[in-house]
Amino acid sequence: MINLQPYENPGYFILLMVALLPAIIIRLYGHRSHWYETVVSFIFLFLMFDGKDWHQGVALIGYTILQYAVISLYTRYRTKEKSPNKFGPFCWAVILSIAPLVVVKFTPLFNNGQSSIIGFLGISYLTFKSVGMIMETRDGAIKEFHPVKFLQFLLFMPTISSGPIDRYRRFEKDYDRTLTSEQYTDLLGKGIERLFLGFAYKFIIGYFFGTMWLPQVQRMAMQSRGGFLDLSWPLVGVMYCYSAYLFFDFAGYSLFAMGISNVMGVETPRNFNYPWISRNIKDFWNRWHMTLSFWFRDYIYMRFVFFIMKHRLIKNRVTIANLGYLLLFLIMGIWHGETWYYIVYGIFHATVMILTDAWLRFKKKHKDWFPSNAFTRVMAILMTANTVCFSFLIFSGFLDRLWFH
Amino acid sequence: MADDNTKNTVLDILSDLTGSDEVKDNLDTNLFTTGLLDSMGTVQLLLELQSQLDVNVPVSEFDRTQWDTPNKIIAKVEQMQQ
């Protein structure tokens, strides 16, 4: 049985592009090709979840039925005349929608590392999309449930495994429009450019850092154990090497997902915007894995702050903001997995955010104390990049190996 | 003069939130790239618009790219008042 995992090797791209060729031609003539793209998507989804992964395929079907039921029922509740828009039904919709993900995330913890049978590749990213839809339906921003568009959005093949996380209303606009021949040519060009940049990132640079060099520096760091906290120069090497690998690997993947989306006429949002030139950690989170951090910002942080301030539960704004950061990054840490290093990674970022906010407030009060010039800007960028690399060393789990194995 | 009133109220809210008169001097300042406003400030802005101008903006409708300068915010608020 043929089983194809998305973007795993160059052969996948050749197959996918050949399959999409008729769609490209139809679109180059200025028409839409929804029906054809749907067939291709279905085949590639099937190849992703067949053979040895068939149980994941079954899980995906069950998951989709659940989300369909929850969102269609909740939309019906919200769009009926004089909908009371109570907190209860909203809460239930969110709980039911995230239930499968919670089960999948916590099963290994309670079941000796065994993964759950209801899990499948991409469950997190699909859940982010569903929950986003429920929140926007509650706000009245999404006004109707359209079965076909809902399924097209939820199961959009190019981004199913790891995002970028699109938003329903944005996706719907792209899906409904008809691009002219010129517009599509332009988008296709951008898409192909992204695919090639993605090749360079993931298959060349990411390969060197992750497959060639990382195991070597890791071995050296393991051999240099014995000092204070087992710290050594090779460990510094592990930190930078892993950070570079993480960036090029995931940015490369994101470029593939964007590129194939573009070929299908959809402008999936980008995930990275030069994260290594961030001037502080707040700036960094606006540039790194953007669709995820914006999701957490819009659907968790801002709603939490809004709720607390509206009901005046806490007076002090600084306290509210800080609690919001802790909440956001703890959830993000737990979402990555229930290991000490993901949780510490979350707490570390929350702490740096809180300190950065305090520093920015201090700087605002004493504007004339601090110069701002090319030197301070370069220093800020270097400090931010190094702080981030340190957090990725925690995230990598290598410290767990170094200290406890 | 209803429009002027809206404009002044929005600008007062913004200068209050950002702690700077920059927003009144240049109505096309980008509030987010300059760091004048962040998510916390955004929520405060939405709550102030609600209490002072009776304009209800749900978090879902707040797309940063459409609300990133004083001018754009004034235009949005005026549009929602009609």
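Me: Let's start with Thr127(A). Buried or exposed?
Reply: Buried. Thr127(A) has a relative accessibility of 2%, and buried means under 20%, so it counts as buried. Bear in mind that this is a predicted model.

Me: Which helix is Thr127(A) in?
Reply: Thr127(A) is in helix α5 of chain A.

Me: What does Thr127(A) touch?
Reply: Setting aside residues up to four places away in sequence, Thr127(A) touches Tyr63(A), Ser97(A), Ile98(A) and Leu101(A). With Tyr63(A) there is a side-chain polar contact of 2.6 Å.

Me: And which backbone oxygen lies 2.7 Å from a polar atom of the Thr127(A) side chain?
Reply: That of Ile123(A).

Me: OK, zoom out. How is chain A divided?
Reply: Into domain 1, residues 49-178, and domain 2, residues 186-404. Their centres, taken over C-alpha atoms, are 26 Å apart. Each domain puts residues into the contact: 27 from domain 1 of chain A and 27 from domain 2 of chain A.

Me: What area is buried between domain 1 and domain 2 of chain A?
Reply: About 2300 Å². Carbon and sulfur atoms give 61% of that.

Me: Which three residues supply 25% of the area that domain 1 buries against domain 2?
Reply: Phe128(A), Pro164(A) and Arg167(A). No other three residues of domain 1 supply more.

Me: Pro164(A), then. Where is it?
Reply: In the loop between α6 (147-154) and α7 of chain A. The peptide bond from Gly163(A) to Pro164(A) is cis, with omega near 0°.

Me: Back to the two domains. How many salt bridges across that interface?
Reply: Three between domain 1 and domain 2 of chain A. There are also 15 residue pairs in polar contact between these domains, both residues at pLDDT 80 or more.

Me: Which elements give two or more residues on the domain 1 side?
Reply: α4 (87-110), α5 (123-138) and α7 (168-176) of chain A. α5(A) gives the most, with seven residues. By class, that side has 13 nonpolar, six polar and eight charged residues.

Me: One more pair there. How far apart are the closest N and O atoms of Asp139(A) and Arg303(A)?
Reply: 3.2 Å, and the two residues form a salt bridge.

Me: How many salt bridges between chain A and chain B?
Reply: Two. One pair that meets in a salt bridge is Asp38(B) and Lys282(A), at 2.6 Å from N to O.

Me: Now loops. Where is Arg312(A)?
Reply: Arg312(A) is in the loop between α11 and α12 of chain A. Its relative accessible area is 66%, and exposed means over 50%, so it is exposed. Arg312(A) has a positive phi of about 50° although it is not a glycine.

Me: What is phi for Asn112(A)?
Reply: Near 50°, a positive value in a residue other than glycine. Asn112(A) lies in the loop between α4 and α5 of chain A. At 77% relative accessibility, Asn112(A) counts as exposed.

Me: How far is Asn112(A) from Ile98(A)?
Reply: Their C-alpha atoms are separated by 22 Å, with the two residues 14 apart along the chain.

Me: Last one, Gly122(A). Buried or exposed?
Reply: Buried, with a relative accessible area of 7%. Gly122(A) is placed in the loop between α4 and α5 of chain A. Leaving aside neighbours within four places in sequence, Gly122(A) is in contact with Ile160(A) and Ser161(A).

Definitions and conventions. Residues are numbered from 1 along each chain as its sequence is written. Chains are lettered from A and ligands numbered from 1 in the order in which they are written. This is a predicted model: local features need pLDDT of at least 70, side-chain atom pairs count only at pLDDT 80 or more; totals for chains, interfaces and linings use all residues. Side-chain values use heavy atoms; hydrogens and water are left out. Domain bounds come from an automatic or database domain assignment. Contact means heavy atoms within 4.5 Å. Buried area is the accessible area (1.4 Å probe) that two parts lose on being put together, summed over both. A salt bridge is a side-chain nitrogen of Lys or Arg within 4 Å of a carboxyl oxygen of Asp or Glu. A polar contact is a pair of N or O atoms within 3.5 Å; within protein, one must be able to donate a hydrogen and the other to accept it, and residues adjacent in sequence count only if both atoms are side-chain atoms. Helices (H or I, at least four residues) and strands (E, at least two) are DSSP runs, numbered from the N terminus. Ala, Val, Leu, Ile, Met, Phe, Trp, Tyr, Cys and Pro count as nonpolar, Asp, Glu, Lys and Arg as charged, and the others, Gly among them, as polar. Buried means under 20% relative accessible area, exposed over 50%, partly exposed in between (1.4 Å probe, protein chains only).
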